[in-house]
Amino acid sequence: MITFTIAITKGGVGKTTLTANLGALLADMGLRVLLVDADVQPSLSKYFPLSPPQPVAGLTDVIVRGEVAAASITQTVFPNLHLVASDDPEGRLPNWLLGRIDRGFRLRHALRAGLVPSAYDCVLIDTPGAIGPLQDAAVMAADVLVSPITPEILSAREFRDGMMELLARLEPGSALGAPPAPVKAVIYRQDRTADARLIVAGIAREFDRPHERVSLLKTVVPHAKAYKEAATLRVPVHQHERRREGTMPSAWSVMHCLAWELMPSLRGVLADGRRVQGVSS
Ligand SMILES: Nc1ncnc2c1ncn2[C@@H]1O[C@H](COP(=O)(O)OP(=O)(O)OP(=O)(O)O)[C@@H](O)[C@H]1O
Ligand SMILES: [Mg+2]
């Protein structure tokens with residue numbers, strides 16, 4: 001089982017959209033996927049239709065018990081794609097966590113014991129953009145951190161400063177058995193402006209060092225209306241846009257490249273059960 005936490009210390013960049021679509025694609029590729037909504041604003045919990053529509057329990061139960069009970073998991077209408085929903089509209093969970101000495105480890109331990117490792121191949125955790133105990137807990141639970149960076153100057157700066165500060169804050173986890181997860185940055189929502197291209201080149205110069213803790217993925221997720229449309233229709237974007245005309249790659253193609261880069265063992269596997277010839281792991 002591998003846990004990806006989608007995190008960056010900036011709001012509105014596309015964390016939830018990326019978590020939902022990557023999770024749905026991996027589920028369509030045949031992996032058993034658990035989405036965890038660790039944001040008090042329950043956007044991921046509302047992203048796809050659920051079955052049954054109302055979860056019995058969710059993240060509060062997981063964090064307070066320190067384990068994932070079957071009742072905390074809700075199925076989405078898509079096969080293989082399950083969810084631990086955010087169920088804390090009044091935002092009590094961050095305060096509860098603050099009072100716990102093991103606050104950084106509760107989610108990590110809950111996901112690494114009990115039913116999750118045997119029932120799922122992949123866990124994807126969506127995080128709040130704001131720094132706080134819930135974001136820390138989600139980051140500490142990661143095997144790999146995935147950070148979407150929009151190529152705007154403020155986002156790029158925020159990534160450099162905010163993310164580095166977050167990682168430095170969590171560094172002491174190493175001594176307690178939670179080694180720092182590698183960070184895979186993905187250029188996200190790139191538009192076709194010269195400004196965006198310049199910023200991407202700057203980010204690449206700074207982070208394109210594959211052997212360091214932070215590395216830049218080759219896949220770029222463009223700014224495209226398919227992602228918004230799919231969110232409105234509540235379907236995975238790779239199902240919504242399989243092909244497109246023009247030079248911009250389809251969401252089907254972009255999301256596959258991203259999944260293959262994050263999980264090289266899946267290279268060549270397609271969401272419809274076929275395999276791409278000539279692409280091997
Ligand atoms: N590739 C894309 N192209 C165009 N728009 C996108 C793309 N991905 C996401 N969006 C849109 O960007 C907006 C913000 O996305 P999202 O809610 O996923 O961000 P977030 O980082 O989770 O925000 P928050 O910090 O508030 O949780 C949404 O309107 C979403 O539809
Ligand atoms: Mg979000």
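Predicted model: local features only at pLDDT ≥ 70, side-chain atom pairs only at ≥ 80, totals over all residues.
P52 sits in the loop that links β3 (50-51) to α3.

**Around ligand 1**

- The shell holds 17 residues, and those that come nearest to ligand 1 are G11, T16, T17, G129 and Y227.
- Two elements, α1 (15-28) and α10 (225-233), each give two or more residues to this shell.
- Sorted by class, the residues around ligand 1 are 8 polar, 5 nonpolar and 4 charged.

- Strand β5 covers residues 81-84, and every one of L81, H82, L83 and V84 is buried.
- L81 and L83 point one way from β5, while H82 and V84 point the other way.
- β5 runs parallel to strand β2 (residues 33-37), and 4 bridges join the two.
- Within that pairing, V36 stands opposite V84 of β5.
- Strand β4 (residues 74-76) pairs with β5 in the antiparallel sense, over 2 bridges.
- Here T74 has L83 of β5 as its bridge partner.
- β4 and β5 make a hairpin with 4 residues between them, and N80 in the turn has a positive phi of about 70 degrees.

**The nonpolar core**

- The largest nonpolar core contains 79 residues, and the ones with the most contacts inside it are L26, V33, V84, V123, L124, A138 and M255.
- Helix α1 is the element that gives the most to this core, with 7 residues.
- Which residues does L26 touch, leaving aside its neighbours within four places in sequence? They are L31, V33, C122 and A259.

**Helix α12**

- Helix α12 (residues 251-262) has 12 residues, which at 1.5 Å a residue should span 16 Å; the end C-alpha atoms are 16 Å apart, so the two agree.
- Its buried residues are A251, W252, V254, M255, H256, L258 and A259.
- In general, an α-helix has 3.6 residues a turn, so residues three or four places apart point the same way.
- The buried residues of α12 are covered by elements including α1, β8 (183-190), β10 (221-222), α10 and α11 (237-240).

- R189 has phi near 65 degrees, a positive value in a residue other than glycine, and its place is in strand β8.
- Is R189 buried or exposed? R189 counts as buried because 22 C-beta neighbours lie inside 10 Å, where the cut-off is 20 or more.
- R234 also has a positive phi, near 65 degrees, and is likewise not a glycine; R234 lies in the loop between α10 and α11.
- R234 has 13 C-beta neighbours inside 10 Å, so R234 counts as partly exposed.

**A69 in its loop**

- A69 belongs to the loop between α3 (59-65) and β4.
- A69 counts as partly exposed because 14 C-beta neighbours lie inside 10 Å.
- Between A69 and A7 there are 25 Å in space, C-alpha to C-alpha, and the two are 62 residues apart in sequence.

Definitions and conventions. Residues numbered from 1 in each chain as written. Chains lettered and ligands numbered in written order. Near = placed C-beta within 6 Å. Nonpolar A, V, L, I, M, F, W, Y, C, P; charged D, E, K, R; others polar. Buried ≥ 20, exposed ≤ 12 C-beta atoms within 10 Å, placed from the backbone. Pairing = 2+ DSSP bridges. Expected span 1.5 Å × (residues − 1). Contact = placed C-beta atoms within 7 Å. Core = buried A, V, L, I, M, F, W, Y, C linked by C-beta atoms within 7 Å.
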